[in-house]
Amino acid sequence: MTTKQERNKDFKKYVQLTNPIHLLAVGLGSGMSPIMPGTMGSAMAIPLWLLFDGLQPYLYWVLIVVAFIFGCFLCQKTSDDTHTHDSGHIVWDEFVGMWITLFFIPQISVLWVAIAFVAFRVFDMAKPWPIRWFDKRVPGGFGIMVDDVIAAIFSSVTVYVIALLIK
């Protein structure tokens, strides 16, 4: 059994940031952070979200579906190329999870973005059931993506309930 440090070193040995697939999979480099790469990837998703937040809802969800499907490919290819499975450095799944969660904030403000960010990070890191079940049992790029989508669903419900309680 290899240690987390050894797996990270192996990942960094094989990942090529000049490869657009790898670059996207590691969240434009945010996932290469030596500390909390998932959190850094989630944070990097926010400015990109601002670029397409004004889309009509149906276009927003088309973008999410395309990002998810493309993400399955990105994550699988990068995992294969780096000889890892679901490396913490692969953060495209965090991008999609944050974009789902941010859709449900009641207004664009630092407070609501922060609430969405914290909610998503809590569910993504704690992985309560059924998130953990999917994380452990669903293989490949789809498996890498799906647990974050489920975390985003939990986070979205949390954001929605907080918004209702504050009204």
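Predicted model: local features only at pLDDT ≥ 70, side-chain atom pairs only at ≥ 80, totals over all residues.
Residues are numbered from 1 along each chain as its sequence is written, and side-chain values use heavy atoms, with hydrogens and water left out.

Let me begin with helix α3, which covers residues 37-52; helices here are DSSP runs of H or I with at least four residues, numbered from the N terminus. Helix α3 has 16 residues and reaches 23 Å from its first C-alpha to its last, close to the 22 Å expected at 1.5 Å a residue, where the expected span is 1.5 Å times one less than the number of residues. Helix α3 also bends by about 25 degrees at I46, and a proline, P47, follows within four residues; the bend is the angle between axes fitted to the seven residues ending at a residue and the seven starting there.

Which residues of α3 are buried? Among them are P37, G38, T39, A45 and F52, where buried means under 20% relative accessible area, exposed over 50%, and partly exposed in between, with a 1.4 Å probe and protein chains only. The buried residues of α3 pack against α4 (57-82), α5 (92-103) and α6 (110-126).

Turning to α6, its axis and that of α3 are 11 Å apart, and the two helices pack at an angle of about 145 degrees; axes are lines fitted to C-alpha atoms, for helices over the stretch in contact, and angles run from 0 to 180 degrees between N-to-C directions. On the α3 side, the residues that meet α6 include S42, I46 and W49, and on the α6 side they include F117, F120 and R121, with contact meaning heavy atoms within 4.5 Å.

S155 counts as buried because its relative accessibility is 0%.

Finally, the loops. In the loop between α4 and α5 we find H83, whose phi is near 60 degrees, a positive value in a residue other than glycine, and H83 counts as exposed because its relative accessibility is 58%. K127, in the loop between α6 and α7, has a positive phi of about 50 degrees although it is not a glycine, but K127 is buried, with a relative accessible area of 15%.
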